[in-house]
Amino acid sequence: MSDCIFCKIAAGEIPSNKVYEDDKIIAIHDLNPMAPVHVLFIPKEHYCCANAINEENCDIVGHIFSKIPKVAKELGLENGYRIVNNCGEDGGQTVMHIHFHLLGGKKLKVDMA
Ligand code: AMP
Ligand code: ZN
């Protein structure tokens, strides 16, 4: 998608602080970290949000989750971490290209509202 910032990051058109990349996904440090470790897992293909995931394309979500433990270990998150996906306006999504936040490096507060 031409005007999507995460498509541009995935294509290497905008610089990012990369922690992992393969043919399907990229993981980058968040520009405005909300925890000592804050990494975004982003599929290279454009899906607007969780609502765009279905039986045909859900393998990409499994692929992302298969790489999270490896990256979390590399970043020293042996004591645990949180995965967050914000969907749509009420979910607090600001970049309309699906991504999963990996947060850790301290005991995170539980505040779901
Ligand atoms: P969300 O609110 O769930 O859509 O999350 C979007 C996240 O993308 C926020 O945590 C932003 O700080 C982060 N972000 C926006 N632009 C960039 C960028 N160019 N590089 C890295 N992270 C970014
Ligand atoms: Zn995109």
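I looked up which element gives the most to the shell around ligand 1, and it is α1, with three residues. I note that the model is a predicted one.

Next I checked the shell itself. I found 16 residues around ligand 1, and the closest are Asp30, Asn86, Thr94, Val95 and His101. Both α1 (5-10) and β2 (25-29) supply at least two residues of this shell. Sorted by class, I get seven nonpolar, eight polar and one charged.

Then I looked up distances to oxygen atoms of ligand 1. For Asp30, a polar side-chain atom lies 2.5 Å from an oxygen atom of the ligand. For Val95, a polar backbone atom is 2.9 Å from a ligand oxygen. For His99, I read 3.0 Å between an N or O atom in the side chain and an oxygen atom of ligand 1. Ligand 1 taken alone exposes 500 Å², and the protein buries 86% of that.

Which pocket does ligand 1 take up? I found that its space is the largest pocket, which holds about 950 Å³. I listed 31 lining residues, with Asp30, Met34, His38, His101 and Leu103 nearest the centre. α1 gives the most to this lining too, with three residues. The lining divides into 15 nonpolar, eleven polar and five charged residues.

Last, I turned to the second largest pocket, with about 220 Å³ of space. Its lining includes Gly76, Leu77, Arg82 and Lys107. By class I noted three nonpolar, five polar and four charged residues there.

Key: Residues are numbered from 1 along each chain as its sequence is written. Chains are lettered from A and ligands numbered from 1 in the order in which they are written. This is a predicted model: local features need pLDDT of at least 70, side-chain atom pairs count only at pLDDT 80 or more; totals for chains, interfaces and linings use all residues. Side-chain values use heavy atoms; hydrogens and water are left out. A residue is near a molecule or strand if one of its heavy atoms lies within 4 Å of it. A polar contact is a pair of N or O atoms within 3.5 Å; within protein, one must be able to donate a hydrogen and the other to accept it, and residues adjacent in sequence count only if both atoms are side-chain atoms. Accessible areas come from the Shrake-Rupley method with a 1.4 Å probe; for residues, only the protein chains shown count as cover. On a 1 Å grid over the protein atoms alone, a cavity is a set of points where a 1.4 Å probe fits but cannot get out, and a pocket is an open set with protein on both sides within 12 Å along at least five of seven lines; lining residues have an atom within 4 Å of a point. A molecule sits in a cavity or pocket if more than half of its atoms lie within 2 Å of its grid points. Helices (H or I, at least four residues) and strands (E, at least two) are DSSP runs, numbered from the N terminus. Ala, Val, Leu, Ile, Met, Phe, Trp, Tyr, Cys and Pro count as nonpolar, Asp, Glu, Lys and Arg as charged, and the others, Gly among them, as polar. Grid points are joined across faces, edges and corners, and a volume is the space filled by probe spheres set on the points.
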